[in-house]
Amino acid sequence: METNGTTRTLGRSGIEVSALGFGCWAIGGEWQDADGQPLGWGRVDDEESVRAIRRALDLGVTFFDTADVYGTGHSERLLGRALGRRRDDVVIATKWGNVFDADTRTLTGADDSPAYARKALTASLERLGTDHVDLYQLHLADADPVRAAELRDVCEEFVREGLVRAYAWSTDDPERAAVFASGEHCAAVQHRANVLQDAPGMIALCEAAGLASVNRSPLAMGLLGGGHTGRRVLEAGDIRNRPPAWLSGFGDGTGADPRWLARVEALRDVLTADGRTPAQGALAWLWARSPRTVPIPGFRSVAQAEENAGALARGPLSGEQMAAVDRILGR
Ligand SMILES: NC(=O)c1ccc[n+]([C@@H]2O[C@H](COP(=O)([O-])OP(=O)(O)OC[C@H]3O[C@@H](n4cnc5c(N)ncnc54)[C@H](OP(=O)(O)O)[C@@H]3O)[C@@H](O)[C@H]2O)c1
């Protein structure tokens, strides 16, 4: 699967990507659900986001993950603008399944129907300014598996029509992922994985089924970057300031959880031993975890883009460092 240290192949699709993707959730800017729960990461500077994407391209990053719902369409538009004529140099992953109102930047519901999948794909292509999506992902993590099997077949239709090259389910449930894995052009699972939150069941499935393991939240939503001390105050519009039940590691209005920060601190020496920054060490842990993994850290600045892309050249942690991590975390 690994052609060299800095590229990986998306499952059985033959699509080659940089071993690091860029996650485009945060750059979508502020949006919320109907109850006012923030779903973005606070305010962002679009021009800085565009510069960060272009810097990533210059540094060899060829994989970008977004979703129609991030910033209710804004992330896709921004990515399309930043890529411009370089669109064919990269692999674009986006997602569908959530319903939203772009005028009020509000998530309004979910739709797992085949008709909505086609409508959503058409809208994503328009926002991204392209005629195909490389990796199309079902964003409804807990969707009904029977309905999902229909959506898998719809994705096969999209492939036949040339609108999509490969597809995936974004879910943390290996049984659900297996429903998609049986489709010929299923190439990946997108799931949470980072040094603090391993995903052994899902990684085993990816290895057995020949899928890429696309890792969301590879920096534990910023905690592994090392910049969250107990004193860092998060913006009101930052989802981490009012974490929903599924979001671990942050308290309600209180920032990073001290118990999580203690584990981050305990790992610091081993993750940074070879001159890596903490974020680079966290990415290197994922590459060492399996030859299938492709972490997709989020970013909001050129500096973060440079630091994260810089991890590629340093490659995975050593076997000894991996064992040290397990010892420190009591695994
Ligand atoms: N399918 C899904 O349902 C789903 C869910 C979650 C995420 N995702 C995808 O996965 C991507 C990444 O996951 P994520 O956004 O949850 O979190 P993440 O990648 O674990 O953390 C990203 C955050 O870490 C901080 N950061 C980035 N680079 C850093 C560096 N070099 N040093 C220090 N801090 C750094 C930034 O926030 P601060 O600087 O503000 O701390 C950044 O926004 C998303 O963008 C999205 O594409 C998908």
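Predicted model: local features only at pLDDT ≥ 70, side-chain atom pairs only at ≥ 80, totals over all residues.

Student: What is the value of phi at A220, and what kind of residue has it?

Tutor: Phi of A220 is near 50°, which is a positive value in a residue other than glycine. M221 also has a positive phi, of about 55°, although it is not a glycine. M221 is likewise found in the loop between β13 and β14.

Student: Are A220 and M221 buried or exposed?

Tutor: One counts the C-beta atoms around the residue; 20 or more others within 10 Å make it buried. A220 is buried because it has 22 C-beta neighbours inside 10 Å. M221 has 24 other C-beta atoms within 10 Å, so M221 is buried as well.

Student: Why does E307 count as partly exposed?

Tutor: The class of partly exposed residues falls between the buried limit of 20 or more and the exposed limit of 12 or fewer. E307 has 19 other C-beta atoms within 10 Å and is therefore partly exposed.

Student: Where is E307 placed, and with which residues is it in contact, leaving aside its neighbours within four places in sequence?

Tutor: E307 is in helix α9. With those neighbours set aside, its contacts are T277, A279 and Q280. Helix α9, residues 302–309, also gives the most to the shell around the ligand, with 3 residues.

Student: Which residues come nearest to the ligand, and how is the shell divided by class?

Tutor: Of the 27 residues around the ligand, G23, W25, G222, G225 and G298 come nearest. The shell has 12 nonpolar, 11 polar and 4 charged residues.

Student: How should I approach the nonpolar core?

Tutor: In soluble globular proteins, nonpolar side chains tend to be buried together. Here the largest nonpolar core has 99 residues, and those touching the most other members are L135, Y167, A168, A187, A188 and V189. Helix α8 (residues 278–289) gives the most to this core, with 7 residues. Beyond four places in sequence, A188 is in contact with L10, G11, L135, A168, L211, A212 and V214.

Student: What is the order of the strands in the open sheet, and which are its edge strands?

Tutor: The order of the 3 strands is β5-β9-β8, with mixed pairing. The edge strands, β5 (32–33) and β8 (98–101), each pair on one side only. Strand β9 (residues 106–110) runs antiparallel to β8, and 4 bridges join them. D101 stands opposite T106 in β9.

Key:
Residues numbered from 1 in each chain as written. Near = placed C-beta within 6 Å. Helix = DSSP H or I, 4+ residues; strand = E, 2+ residues; numbered from the N terminus. Nonpolar A, V, L, I, M, F, W, Y, C, P; charged D, E, K, R; others polar. Core = buried A, V, L, I, M, F, W, Y, C linked by C-beta atoms within 7 Å. Contact = placed C-beta atoms within 7 Å. Pairing = 2+ DSSP bridges.
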